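Subject: Structure handover

Hello,

The structure is below. My notes on its pockets, helix packing and backbone follow it.

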Amino acid sequence: MRDTGVGVSSSGAVVGDRVVVRYLLGESTPADWRGNPDAAQSDVTGILVDDADPLRLERDGEVVSIPVDAVTSVRLLSARPVRNSEIRALEHVAARAWPGVEHAWIDGWFCRAGHGFSRRANSAVPLEMSARADLPTLQRIARWYAERGLPPLLALPDRLMKASTVGGVEDIEVQALTCDLSQLSDRLAGTVSAPAVLTDTPDESWLTAYSARGTVDDLGSVRAVVAAGQGPPVFARIDENGAVASIGRAVVTEAGDGRRWLGLTALWTDPSRRGSGLSTRVLGTLAAWGTANGADSAYLQVETTNRTAGAWYRRLGFGLHHTYRYLTPDISTPDFSAPDTAEDR
């Protein structure tokens with residue numbers, strides 16, 4: 001995958017994504033679709049099929065090429081039009097599947113704490129339509145985290161609440177990818193030489209393999225975080241030469257509309273074994289488990305900067321549903337004399 005330097009990688013788009021490419025009109029670019037003879041720029045919406053030079057997009061069954069030096073911007077779109085209500089519903093499902101060790105509702109925000117292990121288990125997400133990012137609300141959230149020895153961290157779905165409007169220190173952007181589970185299973189059929197081993201609880205070697213990514217010493221905290229979740233979760237592993245080579249975690253969670261989602265998390269393969277099909281075996285085993293447990297759709301989350309993993313998931317049939325960004329809000333130390341309105345659930 002090539003970084004063209006004109007916004008493909010910075011937009012988070014990889015081959016297989018639906019994008020809008022804006023470009024300067026010229027002899028080597030597609031004509032303006034509006035037929036405006038005075039236009040200096042135009043745009044193409046389509047599926048990115050090649051991110052080299054020229055960029056190539058499939059639009060309505062036709063592949064168009066745009067020289068990189070003519071491109072002024074690339075904007076990533078969801079794989080299909082997605083309503084805000086769908087984003088909120090999936091975020092509800094994902095939060096229940098990875099809820100931290102303890103959680104509380106504060107003014108429409110779902111606040112999670114998990115001994116500091118993983119951003120996801122130690123962040124607040126605005127799940128209710130009433131959630132606001134006004135100062136009193138942020139101070140109540142900050143107080144709740146301070147009482148647990150944690151800094152306040154927000155996970156902001158871009159379409160629901162933009163990080164730029166809240167203010168603070170922005171952190172990594174994450175892409176929520178989804179796919180039809182039956183289609184995923186069909187793509188993986190015949191590629192899994194042997195299934196991964198599934199267990200109801202993770203043992204110390206599984207926890208050590210997963211926590212090594214964040215160099216966490218307290219395996220008890222890691223165990224508490226990954227074992228939590230409405231489901232309950234199942235844990236996959238493949239051992240080679242007496243050591244853990246690849247792992248994964250899954251949980252089936254029902255949404256408010258009755259759809260059952262397979263949440264795929266903690267997908268990891270030993271760097272020295274990547275490219276050998278272990279990840280495919282883990283994913284195929286978890287997909288089969290999800291189907292057997294009534295799931296019809298699957299989702300996972302991948303950091304936007306992890307383009308290698310993101311491209312692999314696209315090749316398997318996952319598409320962008322929405323993005324969210326972590327942010328540490330810029331607020332003063334909370335007033336501990338004020339009453340707390342958190343409601344534990």
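In what follows, Ala, Val, Leu, Ile, Met, Phe, Trp, Tyr, Cys and Pro count as nonpolar, Asp, Glu, Lys and Arg as charged, and the others, Gly among them, as polar. By these classes, the lining of the second largest pocket has 5 nonpolar, 6 polar and 5 charged residues.

The model is a predicted one: local features need pLDDT of at least 70 and side-chain atom pairs count only at pLDDT 80 or more, while totals for chains, interfaces and linings use all residues. Residues are numbered from 1 along each chain as its sequence is written, and side-chain values use heavy atoms, with hydrogens and water left out.

Pocket and cavity

The search used a 1 Å grid over the protein atoms alone: a cavity is a set of points where a 1.4 Å probe fits but cannot get out, a pocket is an open set with protein on both sides within 12 Å along at least five of seven lines, and lining residues have an atom within 4 Å of a point. Grid points are joined across faces, edges and corners, and a volume is the space filled by probe spheres set on the points.

The volume of the second largest pocket is about 410 Å³. Its lining has 16 residues, of which Leu76, Leu77, Asp158, Leu320 and Thr323 are the closest to its centre. Helix H1 (8-11), strand E5 (71-77) and strand E16 (319-329) are the elements that give two or more residues to this lining. Helices (H or I, at least four residues) and strands (E, at least two) are DSSP runs, numbered from the N terminus.

Over the whole structure, the search finds 1 cavity of 30 Å³ or more. The volume of the largest cavity is about 90 Å³. Among the residues that line it are Glu91, Arg112, Arg120, Gln301, Tyr324 and Tyr326. At least two lining residues each come from helix H2 (84-97), strand E9 (154-157) and E16, and H2 has the largest share, with 3 residues. By class, the lining of this cavity is 7 nonpolar, 1 polar and 3 charged.

Helix packing

Axes are lines fitted to C-alpha atoms, for helices over the stretch in contact, and angles run from 0 to 180 degrees between N-to-C directions. Angles under 35 degrees count as roughly parallel, over 145 as roughly antiparallel, 65 to 115 as roughly perpendicular and the rest as oblique. Contact means heavy atoms within 4.5 Å.

Helix H5 (residues 181-188) packs on helix H8 (residues 278-292) at about 140°, with the axes 10 Å apart; the two are therefore oblique to each other. In H5, Leu181, Leu184, Ser185 and Leu188 meet Thr280, Leu283, Gly284, Ala287, Gly290 and Thr291 of H8. This contact has 5 nonpolar, 5 polar and no charged residues.

Helix H6 (residues 204-211) and helix H7 (residues 219-227) have axes that come within 10 Å and cross at roughly 95°, which makes H6 roughly perpendicular to H7. Glu204, Trp206, Leu207, Thr208, Tyr210 and Ser211 of H6 make the contact with Leu219, Val222, Arg223 and Val226 of H7. Here the division is 6 nonpolar, 2 polar and 2 charged.

Backbone

Most residues other than glycine have a negative phi, and most peptide bonds are trans. The Asp53 to Pro54 bond is cis, with omega near 10°, and Pro54 is in the loop between strand E2 (41-50) and strand E3 (55-59). Gly231 and Pro232 are also joined by a cis peptide bond, with omega about -10°; Pro232 lies in the loop between H7 and strand E12 (234-240). Asp107, although not a glycine, has a positive phi of about 50°.

Regards
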